[in-house]
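Subject: Structure handover

Dear colleague,

Please find the structure below. My notes on it follow.

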Amino acid sequence: MPNLGFGEIIVILLVALLVFGPRRLPEIGRTVGKSLREFRRATSSLKAEFEQDLEPPRRAPARRRRPPISDGQTSETAPQEEPEPETGGPPE
C-alpha cells in the first residue's frame, strides 16, 4: 500500500469532490466502504477454509478394551484371558 501523507489525501479528496460533486461523494464513500468490508469477509473466510484443509485430521486416542466383568467381581478380581496354545501339528 502506498505511503500517503496528509497533503496527498487532501488533494485526492478535492479532486474527487470536483469530479463527482458534493451530492454523490457520500454515496460513493458508502459504496467503497461496503465493497472493502465484503472483500475482507470473503478473504478471511477463504483463508479459514485453506487453514482448515491444511490442518491434519485429529484422531481420538485408542481405547483399551477390558475383559467383561461378571456379577460379583471387580476389575481387580476379574479373570485374565489366557492365550490359546498354538496348534502346529498333529497331537501326540
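What share of the 92 residues in the protein chain is buried? Buried residues make up 3%, where buried means under 20% relative accessible area, exposed over 50% and partly exposed in between, with a 1.4 Å probe and protein chains only.

This is a predicted model, in which local features need pLDDT of at least 70 and side-chain atom pairs pLDDT 80 or more, while totals for chains, interfaces and linings use all residues. Residues are numbered from 1 along each chain as its sequence is written, and side-chain values use heavy atoms, without hydrogens and water.

The protein chain has one helix and zero strands (DSSP runs, H or I of at least four residues for helices, E of at least two for strands, numbered from the N terminus).

Val19 lies in H1 and counts as exposed because its relative accessibility is 60%.

The count of salt bridges is one (a side-chain nitrogen of Lys or Arg within 4 Å of a carboxyl oxygen of Asp or Glu). Arg41 pairs with Glu38, the closest N and O atoms being 3.6 Å apart. The two are three residues apart in H1, so about one helical turn separates them. Arg41 is exposed at 52%, and Glu38 is partly exposed at 47%.

Regards
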